[in-house]
Amino acid sequence: YVAKGMCGSLRFDACCRKSCGYCNAELLSALPPNLACLLNGRSLQPYIALPFEDGNFAWQCSLPSLPAGKHKMELVLVSEAFWHAYPQEDVPEDFMPLAPIAVAWFESWGAVGQPVAASRDVFPRFADTEGGSPLLVSGVASRYTRECRVGSPLLEERSPDVAVGACEESEWCMPGATFSPPYCCSSRPILESRADILNGEDVQCEVPEPYVYEDGRFGRNKTGAMLMDPDYGLYIGLGENGDALSWVPLEMELRYGEDLPAESVKPQRGPLEGVEVTIRTDDRGIPPRANCRCRFGALEVPAACVARLQAVKCHAPPVIFAQVVPVYFSLSGGLDWSKTGPMFEYYSPPAFTALEPPVGSLLGVNNVTVYGEHFPTSGSVANLCRWSGIFVSDATVHGTQSLSCLVPGRQAFVPYATEEHRDIPLTLEVSFAGNPPIWIPVDKHLTFTHHEVPTRETQVLIIAPRQSLASVGGATLLLTGANFLGPERERTANLALPRCIFGRRLERQATVVSDTSISCQAPPLYDVFQGASAPQDVTVDVTFDGGQTMTRLPSVMTYLKDFEFDALRPSYGLYNDKTDVVLFGRHFVRTPNLLCRFGELAVPAELISERILGCTAPPQASSGQYNVGYSVDGQAFGDTGFVWTALPNTFLKGLAPARGFPLGGTKVTLLTDGLEYVDWLQCLFGYDLARAEVADDGSIFCRSPPCIKARYADGIGPGVGEECFGFVTVQLTLNGVNFFGNSTYEYVKMPQVTRVLPFPASGWNNELLVGLVGINFAGPMWCRWWDLQSSQAMDITPDFMRCTAPPLPKDRIPSNLTLIDSLLYYLEVSPNDQDWTRYRRAHLWYREPEVTHIEPNSTFRTYSPQGDFVVRGRYFRLLDPTIVKCVWLYDTNLPPERVDAELLAPDVLRCRPQMPAAALDAGRLPQNPLVQLEVSMSSWVDSASNQGVLTEERMVLEEVTRMTTGPAIAPNYCYLTGGCTMT
């Protein structure tokens, strides 16, 4: 058969052609296809042995139900030529064993692995096509359960007449059948997953993923698998392990359903307490046995599946605040959810506060605005209004606090209105839910009433005032005519209907004052005609029915071109007095109602010329800045762009600083109450004026003039060789004529430092309190080293004071890698912490001394050192021989001993401490045997080298015994009773 390229028996040959479509010698020689299974000497149905997928030399056979006990399984090579060798009934005529291949014995468990039929169940019975969800199988009482299988556990025989190369549409080809044996078909795919035993009767599996067409249908394409039926039988596999299983049917089915999208949710909005909603799917419908649930965001609720409507119905769960959440549904009890979902919005309970206008034309051209709170605005959900429960119109939500909708004519509610139907109010309901609507009643006092259309005869209108600014408008016009009032009903209910119409196009609300006059506010010219230029005349008409009819009389008002302003002189004055001012500009025009306004106070204006306008700034109630405006109609004001500053009666409390050098130039800050900077603000130091300035922090200051100009009117001074110093009076002025304030400023003599005690030097890392000797010291005084932060002096007398020299900042200290061990800079003093003396004194910052070696390096504890310590190190310097010290830290509980030291060389000194090293600390515990010995070049700077002297217990000779020795022993030895020897 191999040589001829044939497949074997007729039956196997037919299945071979059916499943894979071809036979060839190479394939048949590698895996002989004509193998059969014999159970206890009898053939199996189907009897073809199939190659096991894990190897080329493993084969599998399907077993029927067997009794418990041992059984024999044979794998044989068959031939169609010797059919008479096996006359059993189940052996076909063309079946003949050629040679045995393998024999194996196995044991059947019998009924041990059968499911418990009474409690048998599967949950869920519906799964989506992605698989992966848990599948709970109940009523399986077997510890041998290993796997679950979806589909047919057995292969089916094929008839010889099936065309080669493809499966039928109702069949499915096993995975891999196209490329390797077996060449057989099954009516169901075989989908398996591992089973986990949960307890005595429950098993949990994972729903396997079925094959799916690219267009979303189940099954593979024609080169792979067939279109699958949605319902598949369930089986459990029993065995010692996963290599050889016995499959037991559960007599139940699992349905695979497509991923039905949630296409829409109705309604799209709902209140916080929830609402009944319907989720629509596509036209593929909802499968039977579906266990439906809904999920709003993260909240799950039960649901009812309505297959006939292709919908899922559920109640949106209540929430505590307004939000927008996605909506999903599940057909498997919450194990699998729709992948995408529409959005559902929860809205807070809306509140309604106003309805405007409350009246309108019975002809039905009214647009009503409803005001309130918590109106939902997100999304494109349909919002609706319903009038008196009859007429529904679209609503437009403008924001969370307003919406508008149309009101129909009265005939929609009362087709044949009589007198008693004229003033019937219409109630309103609003829906924000979309489709279907959820009606929310508006408060009962918010209603709408239709009014009658008034008719008017021709009138002659007189307009006052007749001019207004083009960019401002705003004047309240009084129009005079006749027969402006109708019946009492119209006077009380139709307040929104009377209007003025400007340019036959722009309407403004009007108020009926009497039966002969009506008033309204003039708009800016550019609201009437876009792009219009002034001056221009505009017609003014009147309507009493909301614009349906108007007077159409030749009544006009004139819009004037806005005045343009260049300057205001002066721009400030005292708040409690009048000040004459002049406005400079162009396009000035004389009108009967020409005014200037300072803040809220208007005063008459005088047109001096087309470019000059004069006014008098009135007294104000308080100081401050007031906008300057102008008006041509006595009512609406334009802006000049200038500000009038009303200045208070300022009190000058003091100066900071209040003293400085005779040369002048000191920045003197003004300490005042209520002073605001203006261009003409000046300071008068004695006889000399200084211009005021504004500092970066907003404070106002003046620069002090030289002492000679301030103290002497002639600016010459007392004479050659005499120094100018003393006090002058400081006042303020806003105009150079009137002065206020009364403070003093002192010109002091230049201080000078002549000597620094104990010396002008300090360590890099230590502060040093020094005494300064000099002249012209007068408190307060400040000291400054280099460009570091200044410090205030103490104990000031005319020739002495104390200051603290600061340590050098870390970024100023030279690196240890350099040879620099000192820095020389300067010291200077100031009488005001601003002006520093020109007489500077040098100051040296030096690296603190460092101890590197001490000789001797030990001494006895509790005994005073008997000799000198020689201390070696670096950075030793002799600032003052009397203050060079050794610092002996003999006891951790007491201050160190400071003893005089003698500097022998730049790196060597000698000293002898007197205090003995302590043996015990305050807690009666032994102290550290290493006692520190530091050095100090001054009273303020000690070394911190952590070098020390080792302290030991002193040896005591208790007894010496003389021993007689022989002549051969020399010299003689003395023995100490303590165990030591001494020569």
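User: Welcome me in: where does His587 lie?
Analyst: Gladly! This is a predicted model, in which local features need pLDDT of at least 70 and side-chain atom pairs count only at pLDDT 80 or more, while totals for chains, interfaces and linings use all residues. Residues are numbered from 1 along each chain as its sequence is written, and side-chain values use heavy atoms, leaving out hydrogens and water. With helices (H or I, at least four residues) and strands (E, at least two) taken as DSSP runs numbered from the N terminus, His587 lies in the loop between β46 (579-586) and β47 (595-598).

User: Is His587 buried, partly exposed or exposed?
Analyst: Buried means under 20% relative accessible area, exposed over 50%, and partly exposed in between, using a 1.4 Å probe and protein chains only. His587 has 26% relative accessibility, so the class is partly exposed.

User: What is the phi of His587?
Analyst: His587 is a residue other than glycine with a positive phi. Its value is near 65 degrees.

User: Which residue of β46 is the bridge partner of Arg569?
Analyst: Two strands pair if DSSP finds at least two bridges between them. Strands β44 and β46 run antiparallel and are joined by 5 bridges. In β46, the partner of Arg569 is Val582.

User: What is the omega of the peptide bond from Leu757 to Pro758?
Analyst: Pro758 is in the loop between β61 (752-757) and β62 (761-763). The bond from Leu757 to Pro758 is cis, with omega near 0 degrees.

User: And what is the omega from Gly779 to Pro780?
Analyst: Pro780 sits in the loop between β63 (768-775) and β64 (782-785). The peptide bond from Gly779 is cis, and omega is near -5 degrees.

User: In which strand is Met794 found?
Analyst: Met794 is partly exposed, with a relative accessible area of 38%. Met794 belongs to a strand covering residues 794-797, namely β66.

User: What is the phi of Asp795?
Analyst: Asp795 is also found in strand β66. As a residue other than glycine, Asp795 has a positive phi, near 50 degrees.
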